[in-house]
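The paragraphs below lead through a multi-chain structure, from the chains and their contacts down to single residues. Please keep the sequence and the 3D view at hand while reading.

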Amino acid sequence: MSILQVQNVNKSFSGLRALNNVNLTVEEGSVHAIIGPNGAGKSTLLNCFVGRLTPDTGTVTFMGHSLVGRKPHEINQVGVARVFQTPEIFGDLTLIENVMIPTLARRDGSYALNAWPRVDGQRQVIEKAEHLLEDVGLADKKDLTANSLSRGDKRRLELAMCLVQDPKLLLLDEPTAGMSRADTNATIDLLKRIGERGITKIVIEHDMHVVFSLAHTISVLAQGTVIAEGKPEQIKGDPRVQEAYLGGAHL
Amino acid sequence: MSFFDDKINRRRVLQGSALLGAGLAAPMVMRRRAWAQEFRNDPGNAGSITLGFNVPQTGPYADEGADELKAYQLAVKHLNGEGDGGMMNTMKPSSLKGNGVLGKKVEYVTGDTQTKSDAARASAKRMIEKDGVLMFSGGSSSGVAIAQQSLAQEMGVIFMNGLTHSNDTTGKDRRRYGFRHFFNAYMSGRALGPVLQEEMGTDRRAYHLTADYTWGWTQEESIKNTTEELGWQTVNAVKTPLGAGDFSQYITPVLNSGADVLILNHYGKDMVNSLTQAVQFGLRDKQANGKNFEIVVPLFSRLMAQGAGENIKGILGTTNWNWSLQDEGSQAFVKSFGQEYGYPPSQAAHTCYVQTLLYANACEMAGTFYPPEVIKALEGFQFDGMGNGPTEYRAEDHQCFKSVLVVRGNDNPTSQFDLLKVVKEVPRSQVEYPPTLFGGELGPYEV
Amino acid sequence: MDAFVLQILNGLDKGGAYALIALGLTLIFGTLGVVNFAHGALFMLGAFCAVSLQKLLTLSQQIKDESVTFFDAYKEVPYLEIWFGDTGSMIIDYAVPLSILLAIPVMLLIGLVMERGLIQYFYKRTHAEQILVTFGLAIVLQEIVKSVFGANPVPTPAPEIVAGSADIGAMFGLGAGVVYPWWRLIYLVFSLIVIAIVFAFLQFTTFGMVVRAGMADRETVGLLGINIQRRFTIVFGIAAIVAGLAGVMYTPILPPDYHIGMEFLVLSFVVVVVGGMGSLPGAVTAGFLLGILQSFASMTEVKDLIPGIDQIIIYLVAVVILLVRPRGLLGRKGVMEG
Amino acid sequence: MRDATPRSDLFFFLLFAVAVLTMPLWTAPFGASYPDLLQKFAIFGIFAIGFNILFGLTGYLSFGHAAFLGVGSYTAVWSFKLLSMSPIPAVLFGMLLAGLFAAAIGYVSLRRTGIYFAILTLAFAQMSYNLAYSVLTPITNGETGLQLTAEDPRALDALLGVDHGAGLPTPNLFGIEMIGFPAFYFCAVALIIAFYLAMRIARSPFGTMLRAIHSNQNRLSYTGVNTRPYALTAFVISGMYAGLAGSLLAVTDPLAGAERMQWTASGEVVLMTILGGAGTLLGPVLGAVVIKYFENIFSAFNNATLHATFDFLPGWLADPFVGLLSLFVGDGWHLTLGLLFMIVVIFLPGGMMEGINRTAKAVRRRREARHGASGDQDSKDGSGLSARAYHPGE
C-alpha cells in the first residue's frame, strides 16, 4: 500500500528548474531514502510535501489527501511530521514543554482556545511527553531549556517532538548532518527503534552509511529528476547513479 | 494622604488578617469625612490655604509654562505681603490686605499638564485630592483648559483659566467653576476688524490656514465673520494637521490663489513654522491684485514671536496684554516681575497673575472660601488697574470683558524683548457680544 | 500644472529630509541590527549644532535700552560686526551653512561615543530592550538640550542671499509667479548630494564593500578575519553625521526646538519600513515617495474629495505597501522579522 | 513554569490581591495615596497586563495599543451619554468595541511579523488618532475631548427612572458614585480579575502555544498549529484589556480625549511592560506604577517644596543640593524617566522583575548558606515559591 504519491511535480524558481517531472511512490511502513548530489532538488521536493513550497504543476497525495496548496499546519494535522536539517525547536522553552506542545497540537487540533485549564494539569499530555523523552534518552534533562542542549541532543529532541504526534509519515532532512560517527550511529539505532512503530519515513541523506543502514527503498535525484529508484543493492550498482555522483559522495 | 488621621486602630489595621478588611473599609471612612464637610478642601481652622498651579512644564509650551509659574509665585508672594505688592497696589476696588487670604497664609503646589488633557486632569486631581487645593489655575491650550474646567465643576473646586483663547472655553463649554480673564478668538476678530480695514481696505481676498482642531476652527470662524463684514472675500480656508512641521504643501497653493491676505490661525510652534515658511515663500514681499500681500496672525504671543525671529516684523495680530503698556497697573506688574526675574512678563504670565489676585480678592469679598459664594463674588465683578483698563467678569459666561490690543511685529526693536508694538487698543464696546452667542450652560453653584 | 510642480518640489523637499534620516536609520539596522530610537535625537543635535554656532557668532555687546526700567533690556550688537564690520555680518549671515563644518566632526564624535559607550552592549539584546535604552537616551539628550536652550524654537535664518524665493516659473518656462524658496532648493540638492556620497562610499570603497557584505551576511564576513566590528562603529558615526547634517540644513525651514527629533522619529521609522528593512535604496525611495504623496494629499482638491486624507496619508500608504509587499518596497527577507 | 504549582499561584494571586486592596495604606509613605493616582496605577496596570499577554507571550510588539484604549474610552463615554451612568454597560461596551477594533486591526497586521507588524499597528493607531483629532470630531469632540452634558438622553436611566439631579451626573454603580476611593476599588477589583485571568492564560495550554509562537513560529506551524488565530486571539484579548483600561479611565473621569490614542501613549505601555519585565506577570504592573508615579509625583516638586524638604541641611549645602535635585524633578522629570529607562535596561535586562528576582535569589542563597543547606537546590526547590514560579515568559 502506498502512503504518498508524487506525480509529475515541477517547480521552478525564476526560470531555474528545480524539480523536473518528479514521480515518486512511498510504501506504507517503509523507509524511503532520497539521495542525490548538492542542488539535485532534494530539499525542494521535501518542502513541497510539507507546504513550505507549492509545486508549479503535479500532484502530491498523502493517504488520499492532496497536499498541494495546503498550509504546513494542515499537512501536519493529517499525519506528516518533519525533522529539519538544523533542528527547529522551541529554544527558550524547557524540553518537556517542547514535547508537550506537539502533543497538545495533536490532541486539540490546529487551534483551540484552551485558556482556562492549567497546562500542568494535563496529566496525559505530560505523561506522553515524558515517555517520549525517555525514549530518546533525554528524560533526565526535561527541565532544562532546549537551547542548552548539544546539537545531537537537539536533534533527538526534535525527533521526540515529531514522534509524540504519532505521525503516519515522518520526513527526515539529513538527520545526521554534522554529527560525529558515534552520534551518527546512535541516531541510526534510534531511528531503527522507531522503525518498530511502523511509521513510514522519508530520509534525505548525504551519508551513504546512514542510507544503506536504514533505507528499504532509495530514489536518486539529480538535476530535479528521479534518475533511479530501487532497493539499496540495486542502487549501489547503478551506473547512472555512479555518474551523477561522479566526484561526489562516497559509494 | 491623611488616612491615619481618621483614628482607625492602627495596630489592628496592620494585623495581616485585617489588612484586606481595612482596605475595603477605606472608602467608607472617606465618605464619612466627605459628609462631614461643607465643601471640598475646607481649610477650617488651618493657618494656611493651598492653591494649585498646573502649567505645561514639558512639551512645546514648557517655556510659556515656566513663565506662568513665575507669575503665580509672584502673586503668592504679593498676597502674603512679601515683595512690593505689584498690582495689589493698583487694583481697584481691592479687598486684599497683604496678609494672605482671609488671614490665612497662601501656599501653593505645582504640576505638569504636559499640554495633554489627561495629564492635566491627573495633575489637577492630585492637587485636589492629595494637596487639598482650594483653587487651581493654569493654561496654554484650550483643550486642556476646557478639560480642567469641567473637572473643576465635577470636583467643586474653582479653576481660574490661564492662557486659553478658544471661544468654547466661555462659550459652549463654559462652567460655573471656571473663569477666564484672557480674551478669545471672537474678540481677536472683532478687534482686528477696524485695523484691517484701516490698513488694508475693504477690497481684500483672504486665504486661511487653520489648525485642524476646535480652537483653530473657532478662530477661523471669528476672523472670517469679521473680514467678510468688512467686504473681504474668503478665497479658501484650509485645515492643517496639528504639529505638521512643514507647511509648504499648504503654502504653495496660496501663491497663485488670487488671495492677497494670508491669515494664519495657528498658535505656538505651528505659528512659528507656518509663518517662517510663508515668509520664505516670499509672501511678505509679494504683490497680488496690485496690493502688497499681507500676513495676519490673529493670536500673537511674545514668547512664540521670539521663535519666529525676523519673520514677525510687520505682521499684525492681537494680544491680551503687552509689557510695554504704560498704565499704572502694567507698570507695577512689569516692575515687580522684572526685578524678581530679570526680564519682562509675557501675556500668559500676566493673565495668570491677575487671575490669582482676582480669586483671592473674591474670597475676601465673600468673606469665605465656600466656592459658591466666591463664584458669586467674581460674577459681575468690575475692576480696574490690572493692565487692561476697566474690566468686567461677565456673570453669564465668566468671560472678562476689556479692551483688546492689536499689535504689530516690531520693525526696529530697541531690545531683545521689544518684539511687539501696540497699534491700537480696541475698546471693550467693540469686542463685546451677547452671552448667548455661543450657547453653553454654566451649571449649578452647588455640586 | 504649476501647482503640481510646486507640490512635487514640496514633496521632494520633505522627502529629502525623510530620506536622510531613514538612510542613517537603515544603515544602523542593517549593520548593527539595532533599532535606534535615538536617531531623531541625532537629527535634533545636528540642528542644535547650527543653533550653537549661530549663538557663538552672535555673541554680542549689549547696549542697554535706557527707556526700560525694572529689568535689563539690551540692543545687541554682535562683536563680529563691531570688529569686522560687514565681513562680520556676512559671517553671521552664513551661520547655518558654516555649521556644516562644525556638525561633521561633532556628530561623528557623538556617533562614535554613543556606539562605543552604549549601543555596542545592545547588539545581542532584544529589539524591545534596544528601543527602551535608545528611547531613554533620546529623552536624556532632549532634556539636556532643553535645559541649555529652552523649550521655544530658535530662529535660525538662511543666509540673506538665499532667504527669498527663486522665480522658477521664469527659469523653467512655467507660469508667472511660480516661485520656490532658494533654501528649499538648496536643501533638496544638498540631500541628493549627501545620499549620492553615502552610496558612492558604500559602492566604490573597500570599506563600503566590506560593510555591504557585512549587511548581507555578517557571519561570513566575520569569518574572513575582517574586523567588521570596528567598521560598523564607523558606520554608526556616518549615520550620525547624515542625520546631523539633515538637521543642520533643515533649521532655516523649521526653527528647531529640543523636541524636533521626536517629531521626525516615528515618521522616519515608517519610511524605513516602507522602504524595506536593511535596504538603502528602499529608504531613499520611500522617503521621496512618502514626501510627494503627503504633498499631493494636502492639496485642497484632494482634501475636498477625501476629508482628512492629509492627516493619514503616510500611514495609509504604509499599510497598503506593507500588505502588498511583505517586506516593504525593497526589503530583504529575514531582516527584523523575528 | 515547572515551579508554578496551582498552590503557589493561588498564594501569589492572593498576595497580589491583598497588596492591591491595601494600596491606599502602603502607598501613603510615598505620597501616592490619593484616589486619582491609585486609580491610574490600577488602570494602567490592567493596560500593561493586557499588553503583556500579546508582547510578553507571543513576542509581537504592537506600537498601536493606545488606539484600543482610546476606543474603550470613547465607547464608555458614549455609553454614559446614551444609555446609563452605570459603569457596567460602559465597561462591557468599551471592551466589546475595543475587541472588535482589535480584531479588525489584528487581522490585517498579523499578516506580518517583527518590525513590519509593529509599524502596521503604529500606522493604524496614528490614523485613528489623527482622525479622532480632526474629521471625526462629531464622534470624538476632537481636541476638547468627549464630555458628558446635562442634556444627554441616557435612555436606560430614563427608562428606569433614575434621576441625576441638576448638573452633570457622575458614573455610579448601584448608587455608589464612581469618584475617589470607591472608584479606586472598582478599578482595583477589575485589576485583580484582569490579573487572575492573565495568570490563567499564561498557565494554560493556550498560553503555552503563545509562548511557542514567541519561541519558534516556524516549528509551531510544522507541529500542526495554526499560529495566526492564536496570535489574533492574543491580540484581541490584549485589545480588550486595553478597552477595559480605557473605559475605566472614562468611569473614573468621564472625559475622553484623542491624545490617548497618540503613538506616545502606545509607546508608554511598551515602556511600562519592558521596564517592569516583559513576559512576567507582575512586571507590567510594576512598570505602570513606576511610570505613573514619576509622572504625577516627580513632576510636582518645585524649588519651594525641595527647599522645604531639605531645610534641615545648612544653607551652604542645601542650595547647591536643591539646585542639583531640581534638574531631575519638576520640569526635569522627563530626564529622570529617561535615565531610569537606561539604567534599568542596562543593568537589568529582564526589567525590574529581574532586579527583584536577583535580590530574592541572593537573599535565599545567603540564607541557605547560613543554614548550611546544599547549594544545588537553588531555583529548583519544590517550595513553589522560587522567584521563577511567577515568570512564565522566562
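Two residues count as being in contact if their C-beta atoms, placed from the backbone, lie within 7 Å. The model discussed here is predicted. With that cut-off, chain A and chain B have no contact between them, and their closest C-alpha atoms are 27 Å apart. Chain A and chain C are likewise not joined by any contact; here the closest C-alpha atoms lie 14 Å apart.

Which chains share the most contacts? Four pairs of chains are in contact, and of these the pair of chains B and D has the most. On chain D, six helices each supply at least two residues of the side that touches chain B: α1 (6-21), α2 (23-26), α3 (35-58), α6 (114-133), α9 (180-203) and α16 (333-347). Sorted by class, this side of chain D holds 18 nonpolar, 17 polar and seven charged residues.

Chain B also touches chain C, with 42 residues taken from chain B and 43 residues from chain C. The side of chain B that touches chain C draws at least two residues from each of α3 (62-79), β7, α8 (248-255), α9 (268-280), α10 (302-308) and α11 (328-341) of chain B. The residues on this side of chain B divide into 15 nonpolar, 21 polar and six charged.

Val261(B) has Glu294(B) in β11(B) as its bridge partner.

A further open sheet of chain B has three strands in the order β13-β14-β15, with antiparallel pairing. Its edge strands, β13 (382-383) and β15 (400-401) of chain B, each pair on one side only. Two bridges link β13(B) to strand β14 (residues 391-393) of chain B in the antiparallel sense. The bridge partner of Gln382(B) in β14(B) is Glu392(B).

Most residues other than glycine have a negative phi, and most peptide bonds are trans. The peptide bond between Lys92(B) and Pro93(B), however, is cis, with omega at about -15 degrees. Pro93(B) lies in the loop between α3 and β2 (105-112) of chain B.

Now turn to chain A. How many helices and strands does chain A have? There are nine helices and 10 strands in chain A. Its radius of gyration is 18 Å, close to the 18 Å that the globule rule gives for 251 residues, so chain A is as compact as a globular protein of that length. Taken along the principal axes, the C-alpha atoms of chain A fill a box of roughly 60 × 40 × 35 Å.

Two of the helices of chain A can be followed in detail. Helix α3 (residues 95-108) of chain A and helix α5 (residues 151-163) of chain A have axes that come within 8 Å and cross at roughly 30 degrees. Angles under 35 degrees count as roughly parallel, and α3(A) and α5(A) are therefore roughly parallel to each other. The crossing in which α3(A) passes α5(A) is right-handed. On the side of α3(A), the contact is made by Leu95(A), Asn98(A), Val99(A) and Pro102(A), and on the side of α5(A) by Leu157(A), Ala160(A) and Met161(A). Six of the residues in this contact are nonpolar, one is polar and none is charged.

Among the strands of chain A, β9 (residues 217-222) and β10 (residues 225-230) run antiparallel and are joined by five bridges. β9(A) and β10(A) form a hairpin with two residues between them, and Gln223(A) in the turn has a positive phi of about 50 degrees. Met63(A), a residue other than glycine, also has a positive phi, near 45 degrees. Met63(A) is placed in the loop between β4 (57-62) and β5 (65-66) of chain A.

Technical notes: Residues numbered from 1 in each chain as written. Chains lettered and ligands numbered in written order. Predicted model: local features only at pLDDT ≥ 70, side-chain atom pairs only at ≥ 80, totals over all residues. Axes fitted to C-alpha atoms, helices over the stretch in contact; angles between N-to-C directions. Helix = DSSP H or I, 4+ residues; strand = E, 2+ residues; numbered from the N terminus. Parallel < 35°, antiparallel > 145°, perpendicular 65-115°, else oblique. Left-handed = near helix turned anticlockwise from the far one by under 90°. Nonpolar A, V, L, I, M, F, W, Y, C, P; charged D, E, K, R; others polar. Pairing = 2+ DSSP bridges. Rg over C-alpha atoms; globule rule 2.2 N^0.38 Å.
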